[in-house]
Structures are given as structure tokens and as C-alpha cells.
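Please go through the briefing below on the two ligand sites of this model, with the sequence and structure at hand.

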Amino acid sequence: MDLSRFISKKDSSEHITPKRLTIVFAASEVAPFSKSGGLGDVAASLPQALAQRGHNVIVLTPLYGHLDPKAHRFSRRLRSLTVPRKSKRQDQLEATLWESRLDHGVQIFFLQADEYFGREGLYGDGDQDFEDNAARFAFFSRAAVEFAKDFTLPVDILHCNDWHTGLAPVYAKHYYEEEFAQTSLVMTIHNLAYQGKFSPDAFDDTGLPKSYASESELFDDDGDLNYLKSGILYCDRLTTVSAGYAEEIQTPQGGAGLHENIANRSTDLEGILNGADYSVWSPDIDRHIAVQYDIDTLNGKRQNKAELQHRLGLPIRPTLPLVGVISRLTKQKGIDVLIPTVSTLLSDLEDERDGFQLVILGEGSAEYRDALEELQKEFPTRVVFCSGYDDPLAHRIQAAADILAVPSRFEPCGLTQIYAMRYGTVPVVHSTGGLADTVADLRDDPDKGTGFVFDELTVDAFAGALDRACAAYRNYRKWRPLMVRAMERDFSWHESARRYESLYLSSHAEEEESAAQ
Ligand code: ADP
Ligand code: GLC
């Protein structure tokens, strides 16, 4: 993979911030270096958006086995990072730091600790999580704290993301209360379904003193160690990735067992919608797609469709809507509802001009892969399943498809529907979390609608929405303005980065105030 275009010395910051903050952003994945889903996209693009506002942003992420620092021309820091794995100076590990740059002057550091990260895979191997994940991400959290403490400038914000960094606020407050007195600890929940739960035996991996073994903040009621819960309870400010999801996670239905903990922190919680990086996801500059296009050259989209149909061995049928799905294959993503919905709709066809073609790109467990392969066998001229992770293909599907289906059971934000709109690919989504916050149904507002939204996650409701979308597609006089409206929606980071900035500023002001007392 040629990553050179992502490594830049360019600093085009707008310097519009009232106060320049130093922000360490710790994330277990950063696209395009490592990515399993939207977290990787956000960890690359939010720091750049903040840097554009004039902040000094430093990203810290693990150096996984698939990353070769020499091939990527990362530069090795002369000084290693000493990471104690118990109390302040005990059981230290010297981790190498490799440095590179993203656009807008963002520094990115890759933490090399081969016993934890020097292997293929981010969190697991195929269907199986790594057995030492408790130790791996306790280490990463501890390293983030040591890194921020020892950074050449005082760090104003340590921004942690998801359970992989859940212990960082605990370490910062336990070991370095004084050093972090003026640093605000911000925690973002990207997905509450992943909490970093481990058996109580894993407590030793945290290196924390025994007194914490009886701290309810670190454990679930059933006794499991819970890294995300720890982060939620120890951070200074809590955010999640859409306003809708911020509400949902405070309810028993959406709180995945943590709703009370989260609701108790509601005054510190804010839902800030993710943005899209249009320098990566935009059809006028996308280097992965067959033909670049924009609102004035929509014929290019048809060419992308024909090219993809050809490439995938589907009949080249311009009049048949092409539906795309780009998704991790998990329960969250509603694949179990997608399969019977497609099967129902495609079985009932009376005319071969009816219905749609479907391309699904997804990586996930054998159970879903097998079921999708069956679906493809059942409808060989209609359905193609591409198993695995393939970023260029994700771009090609966005450019080629007419409709993008996102039947997620819950969705904290969702980026694929946001990207789809920029490509004029009309989303059909379940009304939940960030999907409901970003897609307006055409039926509710024919002049402003940008897609099709269904309320219940059932075969009937999903099939109804897909049917409505396919019917609308057949009337180009209706469809074209819909595509254009979707393409004109602006989900760039601008507004969201501004909201993170004001959250950082108010939290930092509070820290300074209480440190002064
Ligand atoms: P989540 O983070 O829950 O997976 P999002 O919609 O926020 O969902 O982000 C998904 C990101 O991962 C998008 O950038 C999407 O293009 C990408 N993606 C998902 N599955 C695949 C895949 N199989 N191959 C390539 N990219 C994928
Ligand atoms: C998570 C969520 C997704 C969100 C992404 C980035 O993986 O499932 O909805 O867009 O994180 O915040």
C-alpha cells in the first residue's frame, strides 16, 4: 500500500482558535495505517480538522505488525518511551516511538511494543479476539498517559477513544494527579457495544494496586472488569458521536448495561456528530474510482456503475438500481435482517426488469459469510458478496451504487451513509442513532429529503423502504434532484471540530480553575 500521499509536511492551519491547545489524541486505529471501521477514519480526520483551527494535535497509536516503519519512512525518536506496567517505576518497558505527519501539521506517533502489537491483526485473529487484549490495551492506555506526561509541551487535553484507552483516565488520576491537574481528560464513546470486558483474573494486567480490585467503577455488577466503564467514570468530559446516540445510551434499551453510569454523567456528556473527510471521500477527487464526477457530470456515476457491474460479473443493466452495502458483518449491522429482506424482494419478481442488483462488501464471522454466500448462490445474477476488507472497493461501491443500505440495529454515528450522500448514492437506513440524525426521509419532506428511513428493524419495514427507493429510482425526474440534494449536504468536520474545541476549552478552563484553588 502506498501511504506516501498521507504523509505530509503541509501546515495550512487557519489559526482561528481563541487559544491554541496542545491535544494528545489516543486511538487504537488511524486510517489509512490501521482501520477496522469508522474509528480509524475519525482518528485521522478529527485531529486534522482541529489542527486546521490552529491547535497543536498529536496522535498516538500502536505500531501493529503489518506496519513497516522503514517502508513508510517514519522517523525513529531517539528517546524511547518508558512505560511502567505497575506503579510509578515498576516493571518498565522501553517502547520505541516512530514519528510521521498527517496533513495540517498533525504529528502522529506509532508506539512500538512488539510483545503487544507486533503481530498481524488489530484486536484479533479472524473470528477470535486475542487472549491478551486486556494486557495489550492496559499497556496502550498507560503508554498514552506516560506519553502525554513526558511530552515536550504541557498537554491541555488527553483525548481517549473507546475501551482501548478506557484505563488512561484511571492511570492519569491515580499515578499523576499533580502532573495532570491542568490536563483535561476527554473520553469519546464510538460504540458502546464494545466495552473491553474481561474476567476479574485480568485485573493483574492493569498493574493497578489491589485497592482498585474492589472499586466498583472498574467492574460490572457481574464482576467482570470493564475498561470502557472505567473511562466513562474517570474522565472529565464524555462525548459520543451523534446527538441521537447520546440520548439512546442513557436508556436501558441502548445503554448496553451502562445506561445508569452514563446518565449519571449527563451534564458532562455531549453528542457531537462525526464529520467526513472530503479529501478522501469525494467523487471528484477519488483516485480509486473508474471515473471521477460531480453534480455537473453525473454521467460519470453511470460509468462507475457499468464498470463495477462488469468487474463483479453482474449483467450491465443501467436501468436496474444497484444497491450497495459496506459493513462489518456483525449483529449491530442488521445483516440478519438484510438477508431475508433481500431474499423476499428478489424471490417475488415477476419481470426481470424489476427489483435491484446488490453488492455487499463485508468482513466478519463465518456465520454471516456463509449466509451471504448462500444468498449469492440463490440469486447469481442479482447478488454479489465480496468477503473481506477492501478499501478501494469500498470507494468503488460508493461511486457505482445508486442506493446504499444501512439496516443497523443501532448506529452511534455511521459514516458510510454520510459518504454515500457525497457520491449521490441515496441511503436507505434504519431510524436509529446517527443514521436518523443524518438522513431525512423523502416522504416526510419531498423538498428536503435525502434518502429513505424505516422505523422498525423488520423485514417488512426494510423491504418497504427499499421498494420505495427502487420505485423512486425509476423516475429520473424525481431521482436526480434527490441525488443532488444528498450531494449538497455538507458533513465536513468544520462544525463538529468547532464543538470539540469549545468542549475542550470549557473543560480546560475548569481544570485550571480547580488547580488554582
Ligand atoms: P463502523 O465504525 O461501525 O464499522 P462506520 O459506518 O462508522 O461503521 O464506518 C465504517 C468504515 O469502515 C467506513 O469507512 C467504511 O467504508 C469502512 N468499511 C467497513 N467495512 C469495510 C470493508 N469490508 N472493506 C473496506 N472498508 C470497510
Ligand atoms: C463506531 C460506530 C460508528 C461510528 C464510528 C466512528 O465504530 O459503530 O457508528 O461512525 O465508530 O465514530
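**Two ligand sites in a predicted model**

Ligand 2 is surrounded by 14 residues, the closest being His 190, Asn 274, Glu 411, Cys 413 and Gly 414, where a residue counts as near if one of its heavy atoms lies within 4 Å of the molecule. This is a predicted model, in which local features need pLDDT of at least 70 and side-chain atom pairs count only at pLDDT 80 or more, while totals for chains, interfaces and linings use all residues. Residues are numbered from 1 along each chain as its sequence is written, chains are lettered from A and ligands numbered from 1 in the order in which they are written, and side-chain values use heavy atoms, with hydrogens and water left out.

**Ligand 2**

- A polar side-chain atom of Glu 411 lies 2.5 Å from an oxygen atom of ligand 2, and one of Asn 191 lies 3.2 Å from an oxygen atom of this ligand.
- The protein buries 93% of the 310 Å² that ligand 2 exposes when taken alone (Shrake-Rupley method, 1.4 Å probe).
- Because domain 1 (4-8 + 20-275 + 494-516) and domain 2 (295-491) both give residues to its shell, ligand 2 lies between them; the domain bounds come from an automatic or database domain assignment.

**Ligand 1**

- Of the 23 residues around ligand 1, Lys 35, Gly 38, Asp 41, Arg 328 and Lys 333 come nearest.
- An N or O atom in the side chain of Arg 328 is 2.7 Å from an oxygen atom of ligand 1, whereas a polar backbone atom of Asp 390 is 2.9 Å from a nitrogen atom of ligand 1.
- On its own, ligand 1 has 560 Å² of accessible area, of which the protein covers 93%.

Notes:
A polar contact is a pair of N or O atoms within 3.5 Å; within protein, one must be able to donate a hydrogen and the other to accept it, and residues adjacent in sequence count only if both atoms are side-chain atoms.
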